[in-house]
Amino acid sequence: MAATEATNAADEAYDVIVLGAGPTGENLADRAHAAGLSAVLVESELVGGECSYWACMPSKALLRPVTARSEARRVAGLDDAADAPLDAPAVLARRDSFTSYWKDDGQVRWLDSAGIDLVRGQGRLAGPRRVVVDGGRVLTARHAVAVCTGSRAVVPGIPGLAEARPWTSRHATSAKSVPGRLVVVGGGVVGVEMATAWRALGASVTLLVRGDGLLPRMEPFAGHLVAESLAEAGVLLRSGVEVREVRREAPGGPVTVLLDSGDEIVADELLIATGRAPRTEDIGLETVGLPPGSWLDVDDSCRVKGVTGGWLYGVGDVNHRALLTHQGKYQARIAGAAIAARARGVPILETDPWGAHSATADTRAVPQVVFSDPEAASVGLTAAAAEKAGYRTRVVDQDLAAVAGASLYADGYRGRARMVVDLDRDVLLGVTFVGFGVGELLHSATVAVAGEVPVERLWHAVPSYPTISEVWLRLLEAYRG
């Protein structure tokens with residue numbers, strides 16, 4: 001059946017209904033279909049979701065020329081050639097190509113080839129296993145309904161802010177031109193990445209942070225090194241400040257940001273990057289006894305707790321376990337397997353934390369890369385989080401610049417690596433890298449943390465010379481003394 005709306009009444013019943021056709025929903029429907037279940041996706045926007053059009057793909061397309069030029073500037077023989085300004089129109093055009101020009105034809109063709117149906121429109125729950133689309137068409141699920149509607153940017157209730165029509169992450173990744181002056185509010189991933197990108201493309205950027213550092217969910221040194229680099233690039237970073245009021249006299253005109261210190265900053269655009277909220281406010285949660293607009297509380301198979309019959313799943317951002325595209329896809333694989341097992345009456349592997357039906361990595365081995373300049377990459381627990389959780393740990397740090405592969409990668413390479421070791425089990429709880437190219441180094445750490453590989457066995461995983469991966473040997477040598 002084609003990935004278009006079917007009209008026969010017989011087509012209205014499916015084994016699995018998925019609300020939201022982003023990466024999480026696509027993967028869940030694909031896993032369910034591969035297990036022999038019929039599946040339909042309901043989508044009110046573009047098939048491919050936030051990641052494809054307003055988050056991962058366009059943001060990284062904006063950032064790749066920035067980091068490529070930065071690295072080239074640090075290699076003798078390329079440094080002079082790479083010193084020219086970025087060609088902003090070319091960068092934006094390349095970004096547009098990676099979003100397929102905000103058209104989802106290719107994604108729909110994939111659904112077609114996979115045998116997954118698509119219904120366009122706003123889907124709302126209407127009681128157990130029942131979904132109404134745009135107030136008319138009714139779909140029923142034999143086994144499961146999965147909410148994969150993702151999250152949206154939060155615009156806080158600061159006086160004048162809503163009226164000023166600020167940028168959110170969607171505007172920042174899809175803007176058609178470079179603003180002359182940009183104020184970014186928020187020191188998390190979105191704030192850091194967009195400050196990096198738009199400064200390199202020519203904007204004058206001010207980054208406002210309420211706390212005392214950047215990237216607060218990572219090791220403190222990650223935010224410190226990234227802040228140093230942003231300052232060198234010309235970003236004005238102000239920490240420990242809050243926005244008190246925002247004014248914009250005319251649409252498209254200058255925006256004035258008033259701080260709690262009494263200072264005023266005038267800019268052409270204002271980006272708010274201060275948090276996310278679940279897109280669950282208008283999907284009928286109240287019809288199944290759940291509060292609209294809430295995060296969905298789920299078990300490790302992503303089944304929503306407290307719903308009679310166990311037919312409702314919350315997968316991806318909506319469950320607030322790990323708001324990352326790759327974790328949403330991971331959860332989709334877990335939930336799809338669990339839905340199929342329950343449909344066939346196969347026992348769920350509830351006693352195996354690393355089994356096929358448990359999203360254990362959400363709590364023990366979440367990897368993330370911040371595509372700043374330099375990159376920051378981490379997996380698992382920070383030293384502070386491990387201590388708070390009650391582990392007996394040892395923290396080992398290493399200067400990445402001391403590794404031969406790093407010095408070859410870029411002249412004056414700056415970076416740092418850290419591993420957090422559980423002394424009672426002799427396994428890694430967390431690893432953090434900061435430096436050029438470390439995003440591609442992270443998966444080795446993810447395997448070590450998720451696989452709970454003993455440190456003594458890691459000693460036998462020999463890194464190739466001369467690569468940046470040799471930092472593993474330096475970390476292990478320091479640990480062994």
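Let's start with a helix: α8 gives four residues to the lining of the second largest pocket, the most of any contributor. Keep in mind that this is a predicted model. The mean pLDDT of the chain is 95, with 97% of residues at 70 or more. Over residues 4-10, though, the pLDDT is below 50, and that stretch has nine contacts in the model beyond near neighbours in sequence.

- Two or more lining residues come from each of α3 (56-72), α7 (189-200) and α8 (220-233).
- Sorted by class, the lining holds six charged, four nonpolar and three polar residues.

**The sheet**

- Five strands make up an open, antiparallel sheet, in the order β17-β18-β21-β20-β19.
- β17 (367-370) and β19 (393-399) are the edge strands; each has a single partner, so one side of each has no neighbour in the sheet.
- On average, neighbouring strands here are turned by 10° against each other, ignoring direction.
- β18 (residues 375-380) and β21 (residues 427-435) pair in the antiparallel sense over six bridges.
- Glu375 sits opposite Gly435 in β21.

**Where helix meets sheet**

- α8 turns up again here: the helix packs on the sheet and touches β18, β19, β20 (416-422) and β21.
- The direction of α8 makes about 5° with that of β21.

Terms used
Residues numbered from 1 in each chain as written. Predicted model: local features only at pLDDT ≥ 70, side-chain atom pairs only at ≥ 80, totals over all residues. Heavy atoms only, no water. pLDDT = per-residue confidence, 0-100. Contact = heavy atoms within 4.5 Å. Nonpolar A, V, L, I, M, F, W, Y, C, P; charged D, E, K, R; others polar. Pairing = 2+ DSSP bridges. Axes fitted to C-alpha atoms, helices over the stretch in contact; angles between N-to-C directions.
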